[in-house]
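This briefing is meant for a reader meeting the structure for the first time. Please look over the sequence and the model shown here before going on to the points below.

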Amino acid sequence: MGKLDLCVFASGRGSNFSALLEAIDDGRLKADVRLLVSNNPEAGALTLAKKYRIPAEIISRDSFSTRDQFVEKLLTTLNHYQVNFIVLAGYLKKIPKEVISDYRHHIVNIHPALLPAFGGKGMYGHHVHEAVLKAGCKVTGVTVHIIDEVYDHGPIVAQKCIPVENQDTPETLAARVLKYEHLMYWEVLQLFAEDRVQVRGQQVFIRV
Ligand code: GRF
């Protein structure tokens, strides 16, 4: 797909955003972050954007009287910054279907478990790791997937298995998983930058 002109969507602290910026800075990931979008004015990701002089927009459904106005704002903003690929990095809202359809197969998400297990509404942050421990799983992991209209669903591009240890708490597990998220997300994006990702139905094939 040539160069990735990214918009990153983030609602929170932005550690994945930070890891991507570092990968771009040291040349591992060939991409430009043209824009950060957040729904949350308190997001740590906004501070990072400022530090890296990346334009940031706070676009929240609550600030618009109609859904259509909100969607229109998102689409015109993405267009204005000439974004060709969207990266969700801890974005806690659903992406409107109009955006998904304009950027079909060009929006990815990172999830801190092995989808399709432990995903869906309410499965974010510590809830995911609590559920994994409660279920007695011996492994968990990271999933990077292309999004579709269903929450935490869509063609899986990459997964990494991570062991659950006897003494794990939601916090220790979260920390172990997050470390791999940071190692993995840029690598997967680089596959898109190199045009090596082919989607057929729910399956993704990586060209060697
Ligand atoms: C990560 O665990 C990611 O998998 C999930 O949200 C969390 C975001 O963390 N989608 P951060 O804001 O990138 O630190």
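Predicted model: local features only at pLDDT ≥ 70, side-chain atom pairs only at ≥ 80, totals over all residues.

A residue is called buried when its relative accessible area is under 20%, exposed when that area is over 50%, and partly exposed in between.

**Helix α1**

- Helix α1, which spans residues 15-25, is mostly covered, since eight of its eleven residues are buried.
- The buried residues of α1 are Asn16, Phe17, Ser18, Ala19, Leu20, Leu21, Ala23 and Ile24.
- The cover over these buried residues includes the strands β1 (4-9), β2 (31-38), β4 (85-88) and β5 (107-111), together with the helices α2 (44-51) and α6 (170-193).
- After α1 comes Gly27, and its phi is positive, near 85 degrees.

**Nonpolar cores**

- In soluble globular proteins, nonpolar side chains tend to be buried together.
- The largest nonpolar core in this model has 41 residues, and the members that touch the most others are Phe17, Val87, Val108 and Phe192.
- Helix α6 gives the most to this core, contributing nine residues.
- Apart from this core lies another one, made of 19 residues, among them Phe9, Leu35, Tyr91 and Ile100.
- With residues up to four places away in sequence left out, Val87 touches Leu6, Cys7, Val8, Phe9, Leu20, Val108, Tyr185 and Leu189.

**The ligand and its surroundings**

- The residues that surround the ligand are Arg13, Gly14, Ser15, Asn16, Gly90, Ile110, His111, Pro112 and Glu181.
- From Ser15, a polar side-chain atom lies 2.5 Å from an oxygen atom of the ligand.
- From Glu181, an N or O atom in the side chain is 2.6 Å from an oxygen atom of the ligand.
- From Ile110 it is a polar backbone atom that takes part, at 2.8 Å from a nitrogen atom of the ligand.
- The ligand taken alone exposes 370 Å², and the protein buries 86% of that area.

**Strand β6 and its partners**

- Strand β6, residues 139-146, has seven of its eight residues buried, and it is therefore largely enclosed by the rest of the structure.
- On the side of β5, four bridges join that strand to β6, and the two run antiparallel; within this pairing, Val108 has Ile146 of β6 as its bridge partner.
- Strand β7, residues 156-163, is likewise antiparallel to β6 and is joined to it by seven bridges, and His145 stands opposite Ile156 of β7.

- Ser11 lies in the loop between β1 and α1, and it is buried because its relative accessible area is 6%, which is under 20%.
- Neighbours within four places in sequence aside, Ser11 is in contact with Ser38, Asn39, Asn40, Ala43, Ala89, Gly90, Tyr91 and Leu92.
- Cys161 belongs to strand β7 and counts as partly exposed, with a relative accessibility of 49%.
- Residues up to four places away in sequence not being counted, Cys161 touches Leu114, Val139, Thr140 and Gly141.
- Cys161 and Cys7 are 154 residues apart along the chain, and their C-alpha atoms are separated by 28 Å.

**Backbone points in the loops**

- Most residues other than glycine have a negative phi, and most peptide bonds are trans.
- Arg53, in the loop between α2 and β3 (56-58), has a positive phi near 55 degrees although it is not a glycine.
- Arg53 is exposed because its relative accessible area is 76%, which is over 50%.
- Between Arg53 and Leu35, which are 18 residues apart in sequence, the distance from C-alpha to C-alpha is 9.8 Å.
- Asp195, found in the loop between α6 and β8 (197-200), is also a residue other than glycine with a positive phi, near 60 degrees.
- The peptide bond from Leu115 to Pro116 is cis, with omega near 10 degrees, and Pro116 has its place in the loop between β5 and α5 (126-134).

Terms used. Residues numbered from 1 in each chain as written. Heavy atoms only, no water. Buried < 20%, exposed > 50% of the residue type's maximum accessible area, 1.4 Å probe, protein only. Contact = heavy atoms within 4.5 Å. Core = buried A, V, L, I, M, F, W, Y, C linked by side-chain atoms within 4.5 Å. Near = heavy atom within 4 Å. Polar contact = N/O pair within 3.5 Å; in protein donor to acceptor, adjacent residues only side chain to side chain. Areas by Shrake-Rupley, 256 points an atom, 1.4 Å probe, with all protein chains shown as cover. Pairing = 2+ DSSP bridges.
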